[in-house]
Amino acid sequence: MDSLLLLCARCILAQRPLPHILPGLYPVLFQLAFLDGKHVVLRDLVAAWPIQVLDFQQLVRRRELLGDHPHIDYIEAVIQAVVAQLRQELEEPGCDFSKRRLRVLDMTGLSDSLCSRSPDGVTIWSSTVALAKAFEEVSKHQQDFQRREPRRHKGPSGAAVAALQPSGVDVHANLYVRKDSYRILRNALQTRAASPLRLKCHKLYAENISALKVVTLLECLYPSFLQRVELWYNNFGLTELLLILPHLSRFPELRSLKLLDFSMNTRRRTPDLAIVIRCVARHLGMLPSLRELSLGSSQLSGNLRHILCNLQAPLESLELGYCSLVPDDLAFLSQSFHAPALKKLDLTGNNVYQGLLEPLQLLLEETSASLLHLDLSNCDMADSQLEALLPALRRCSRLRFLRLFGNSLSTAAIILDSI
């Protein structure tokens with residue numbers, strides 16, 4: 001049953017045009033318009049937003065607001081309201097728009113709920129494209145207006161005075177780019193200096209694009225905001241990695257770096273390979289805020305110490321799935337300053353029969369005070385290996401997630417592990 005507040009809010013939203021609304025009612029009206037699928041009302045609310053920040057994470061935080069609707073419609077409605085506001089400010093630079101206070105549109109909260117990489121609802125890809133198109137539209141309108149109107153007019157003294165520009169809106173978002181969206185996103189980011197719409201990326205996900213294109217995007221981002229970079233299925237090797245890593249040092253807040261499916265086969269150490277690994281380590285050491293690192297499918301094989309040796313602070317999350325680890329890798333990790341700080345450790349696909357059992361026991365003992373998440377899937381473990389790990393696992397008092405999928409374990413062994 002609807003509350004009295006919602007019933008009153010629905011009465012307000014039914015009126016066209018919207019009446020004068022107290023600032024405190026805007027969040028409730030926004031949630032209700034979102035829930036009821038009223039795209040036009042959403043645009044009207046955003047156009048008159050009375051405070052400087054519109055934060056999706058705070059407004060759309062209840063699961064019942066998400067439902068099964070095509071959420072991209074809602075996001076496009078909000079974006080188009082911002083675009084319309086900026087277009088009007090461009091067209092009427094002498095008008096008083098002081099009542100329009102929206103200066104920050106924060107869409108970063110969409111990543112976990114609305115922007116999952118699934119075909120249903122909105123995806124982070126579709127929201128990225130919607131944002132890029134909005135930037136393209138604002139930029140085109142600004143250029144058209146500047147061609148139609150003189151850029152300067154004469155002041156009282158006869159001197160040329162610059163025309164007033166709109167104060168603009170900062171859009172905070174997480175971006176996902178692949179081949180079919182690279183061009184439009186690049187164009188949107190490259191207009192940041194002149195556009196009243198400024199895109200500030202917090203998380204960048206890039207799938208199946210070249211290293212040069214990744215670098216181009218990184219060069220366009222504001223340094224103070226980027227916190228996470230994930231590169232998916234790009235078929236990079238060490239050469240491409242060395243092209244990208246120097247550009248990451250521009251981002252002092254970069255906390256998480258995920259390199260999935262890199263071809264970093266380091267099994268055969270040669271003088272040239274040793275030099276390249278030192279370069280990788282040096283550049284990783286230039287990321288002062290790095291706390292999460294994923295090197296999945298990189299086949300490190302004895303080189304983990306060389307790659308992590310220059311990090312300035314201990315890692316809290318380390319993903320080493322299918323890295324062909326050897327005992328020396330886990331022995332190094334257990335003796336490093338990372339071990340007592342690790343909250344997540346992913347060792348998927350590393351064969352415990354390759355001498356990893358004893359160093360893994362030691363590593364678990366060293367991480368026992370901090371470890372929350374442990375993934376040992378597809379490690380060729382049998383009952384005897386799990387039984388050998390049990391004392392160390394039981395010392396991990398904070399462990400909340402243990403994944404053992406893909407191992408040849410009996411039901412009895414798993415039950416014993418859960419006791």
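Analyst: In this predicted model, 50% of the 419 residues of the protein chain count as buried. The chain's secondary structure comes to 15 helices and 13 strands. Taking contacts between residues at least 6 apart in sequence, 80% join residues at least 24 apart. About 19900 Å² of the protein chain is accessible surface, and carbon and sulfur atoms account for 53% of that.

Now to the part you asked about. Helix 1 covers residues 4-13, and its buried residues are Ala9, Ile12 and Leu13. Viewed down the axis of helix 1, these buried residues fall within an arc of 95 degrees, so they line one face of the helix. Leu4 and Cys11, on the other side of helix 1, are exposed. The buried residues of helix 1 pack against two elements, helix 2 (26-36) and helix 3 (39-47).

Helix 2 and helix 3 also pack against each other, at an angle of about 160 degrees and with their axes 9 Å apart. Angles over 145 degrees count as roughly antiparallel, and helix 2 and helix 3 are therefore roughly antiparallel to each other. The crossing of helix 2 past helix 3 is left-handed. On the helix 2 side, the contact is made by Tyr26, Leu29, Phe30, Ala33 and Phe34; helix 3 contributes Val41, Leu42, Leu45 and Val46.

Technical notes. Residues numbered from 1 in each chain as written. Predicted model: local features only at pLDDT ≥ 70, side-chain atom pairs only at ≥ 80, totals over all residues. Heavy atoms only, no water. Buried < 20%, exposed > 50% of the residue type's maximum accessible area, 1.4 Å probe, protein only. Helix = DSSP H or I, 4+ residues; strand = E, 2+ residues; numbered from the N terminus. Arc of directions from axis to C-beta. Contact = heavy atoms within 4.5 Å. Areas by Shrake-Rupley, 256 points an atom, 1.4 Å probe, with all protein chains shown as cover. Axes fitted to C-alpha atoms, helices over the stretch in contact; angles between N-to-C directions. Parallel < 35°, antiparallel > 145°, perpendicular 65-115°, else oblique. Left-handed = near helix turned anticlockwise from the far one by under 90°.
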